[in-house]
Amino acid sequence: MAAAGARLGARGAGEAVAAAHALSPPAEAYGNDPNIEMIWAMKAYQHAEVYFNLISSVDPKFLKLTKVDDQIYAGFRKSFGDLKIDVLDPEELKSEPAKAKWRPFCMQFDGVVEDFNYGTLLRLDCTKDYTEENTIFVTRIQFFAIETARNREGYNNVVYSHATEIKSVAVERGLSA
């Protein structure tokens with residue numbers, strides 16, 4: 001993931017605009033074009049990086065990820081009340097039975113949450129950063145559902161607490177955080 005991050009970070013604003021334009025048509029129009037896959041990976045990585053920085057800087061219980069967080073959370077917990085969200089089992093997201101259960105949940109947000117079905121990176125273990133081993137590719141609505149639940153239920157507090165602790169130590173030592 002670090003190597004991918006280095007490649008992604010090297011892209012400029014012009015390439016980001018070109019990527020956004022290139023990603024306008026439906027996914028079916030692209031097949032398995034490696035350039036498009038790299039653009040999607042870049043976009044997903046940037047989203048992951050911004051989100052992790054956000055939960056490291058702001059107490060997650062105060063975060064609002066969308067205008068409809070309450071609706072997403074209520075629907076998620078109604079459909080997936082027993083889903084263990086601190087450390088996710090990829091089978092609970094990707095197996096055929098899981099996909100059959102997730103599909104109706106996700107589709108109810110078509111037209112409600114912008115880009116609800118775009119690919120997004122999600123941490124499997126919420127106590128850890130995004131790494132190749134700790135990351136799975138999910139739809140944006142799955143990301144919003146799981147991360148909103150993690151924020152509201154206190155599972156992401158460990159990330160914020162750790163970042164706050166590091167900043168405090170740096171301040172005590174006279175270093176900038």
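Trainee: How many helices and strands does the secondary structure of the protein come to?
Mentor: This is a predicted model, where local features need pLDDT of at least 70, side-chain atom pairs count only at pLDDT 80 or more, and totals for chains, interfaces and linings use all residues. Residues are numbered from 1 along each chain as its sequence is written, and side-chain values use heavy atoms, with hydrogens and water left out. Helices (H or I, at least four residues) and strands (E, at least two) are DSSP runs, numbered from the N terminus. The total is 8 helices and 2 strands.

Trainee: Which element has the lowest mean pLDDT?
Mentor: pLDDT is the predictor's confidence in each residue, from 0 to 100. The protein averages 83. Helix H4 (residues 69–79) has the highest mean among the elements, 98. The lowest, 40, belongs to helix H1 (residues 2–9).

Trainee: How many contacts beyond four places in sequence does the model have for residues 1–13?
Mentor: Contact means heavy atoms within 4.5 Å. pLDDT stays under 50 over residues 1–13. Where pLDDT is low, the predicted coordinates should not be read in detail. With that caution, the model has 14.

Trainee: What share of the residues is buried?
Mentor: Buried means under 20% relative accessible area; exposed is over 50%, and partly exposed lies in between (1.4 Å probe, protein chains only). The protein has 177 residues, and the buried share is 38%.

Trainee: Which residues in H7 do Trp102, Phe105 and Cys106 in H6 meet?
Mentor: By class, this contact of H6 with H7 has 6 nonpolar, 1 polar and no charged residues. Ala, Val, Leu, Ile, Met, Phe, Trp, Tyr, Cys and Pro count as nonpolar, Asp, Glu, Lys and Arg as charged, and the others, Gly among them, as polar. The partners in H7 are Ile141, Gln142, Ala145 and Ile146.

Trainee: How are H6 and H7 set to each other?
Mentor: Axes are lines fitted to C-alpha atoms, for helices over the stretch in contact, and angles run from 0 to 180 degrees between N-to-C directions. H6 and H7 pack at about 90°, with their axes 10 Å apart. Under 35 degrees counts as roughly parallel, over 145 as roughly antiparallel, 65 to 115 as roughly perpendicular and the rest as oblique. H6 and H7 are therefore roughly perpendicular.
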